[in-house]
Amino acid sequence: MMSNIQIREICRENLSQIDQCDNSYLVENKYLLHAHNDVIYYSLEPARRFLKSYLPEKPDYSDYIDNLEKTIFLAYVDEQFAGQIILRKNWNGYAYVEDISVDSRFRRQGIGKRLMEKAVEWAKSKTLPGIMLETSNVNVPACQFYEKFGFKLGGFDRYLYQAVIPETEEVALYWYLVF
């Protein structure tokens with residue numbers, strides 16, 4: 001774990017650095033999901049191996065600056081941009097993680113943990129009941145990170161991604177960290 005990680009909140013000076021991460025990851029496994037009596041079970045199974053990445057959406061994040069309902073925290077290592085977490089207050093009162101990403105060059109060094117700790121701090125300062133987020137069942141490294149951090153799998157949606165990619169077999173997973 002690196003000790004020279006700095007976390008900074010969004011401001012005009014760092015606005016252009018958002019969405020600059022190499023957010024790709026290698027898919028090798030996926031979570032297979034089952035529900036019984038309102039309990040979700042999952043197991044790990046091999047998946048078709050491929051490199052998954054997301055294109056940045058490039059929205060205007062300037063309205064996140066000094067906003068009480070949403071914010072962005074950026075991580076730096078030796079003044080190099082290393083990751084981000086984008087948060088907002090969701091309609092149900094939870095803090096919602098719109099995106100968390102750590103550049104591939106800086107993974108497994110504690111940056112994701114530091115960003116999530118900052119998200120917890122932000123949510124608690126707003127007296128929100130917890131944090132929620134959505135990810136895919138093929139993003140196993142992220143799912144394992146959320147679970148290790150204390151998140152619980154609260155639901156899944158087999159059809160969420162099919163409107164964008166009709167042939168996909170990916171399943172949306174909803175993770176919750178309740179305070």
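**Notes on the predicted model**

1. Cysteines. Taking a disulfide as a pair of cysteine sulfur atoms within 2.5 Å, the count in this predicted model comes to zero. C21 takes part in no disulfide, and the cysteine sulfur nearest to its own, that of C11, is 16 Å away. C143 is likewise in no disulfide, its nearest cysteine sulfur being that of C21, at 18 Å.

2. Helix 2. C143 belongs to the buried residues of helix 2, which are V140, A142, C143 and Y146. These residues cover an arc of only 160° around the axis, and they therefore lie on the same side of helix 2. In general, an α-helix has 3.6 residues a turn, so residues three or four places apart point the same way. The cover over the buried residues of helix 2 includes strand 2, strand 3 (39-52), strand 6, helix 1, strand 7 and strand 9. After helix 2 comes G150, with a positive phi near 120°.

3. Seven strands make up an open sheet of mixed pairing, and their order is 1-4-5-6-7-9-8. Strand 1 (5-9) and strand 8 (152-157) are the edge strands, each of them pairing on one side only. From one strand to the next, the twist averages 25°. Strand 6 and strand 7 run parallel and are joined by three bridges; Y96 has M132, in strand 7, as its bridge partner. Helix 1 packs on this sheet, where it touches strand 1, strand 4, strand 5, strand 6, strand 7 and strand 9, and its direction makes about 30° with that of strand 5.

4. The nonpolar cores. The largest nonpolar core has 33 residues, and I85, I111, I131 and W175 are those with the most contacts inside it. Among the elements that give two or more residues to this core are strand 2 (25-36), strand 5 (80-89), helix 1 (111-125), helix 2 (140-149) and strand 9 (172-178). Helix 1 gives the most, with seven residues. Apart from this core lies another, of 11 residues, which include I10, I72, Y76 and F81.

5. Contacts of I85. If neighbours within four places in sequence are left aside, I85 is in contact with T71, I72, F73, V97, D99, I100, L115, M116 and A119.

How values were computed:
Residues are numbered from 1 along each chain as its sequence is written. This is a predicted model: local features need pLDDT of at least 70, side-chain atom pairs count only at pLDDT 80 or more; totals for chains, interfaces and linings use all residues. Side-chain values use heavy atoms; hydrogens and water are left out. A nonpolar core is a set of buried Ala, Val, Leu, Ile, Met, Phe, Trp, Tyr and Cys residues joined through side-chain atoms within 4.5 Å. Buried means under 20% relative accessible area, exposed over 50%, partly exposed in between (1.4 Å probe, protein chains only). Helices (H or I, at least four residues) and strands (E, at least two) are DSSP runs, numbered from the N terminus. Contact means heavy atoms within 4.5 Å. The arc is that of the directions from the helix axis to the C-beta atoms. Two strands pair if DSSP finds at least two bridges between them. Axes are lines fitted to C-alpha atoms, for helices over the stretch in contact, and angles run from 0 to 180 degrees between N-to-C directions.
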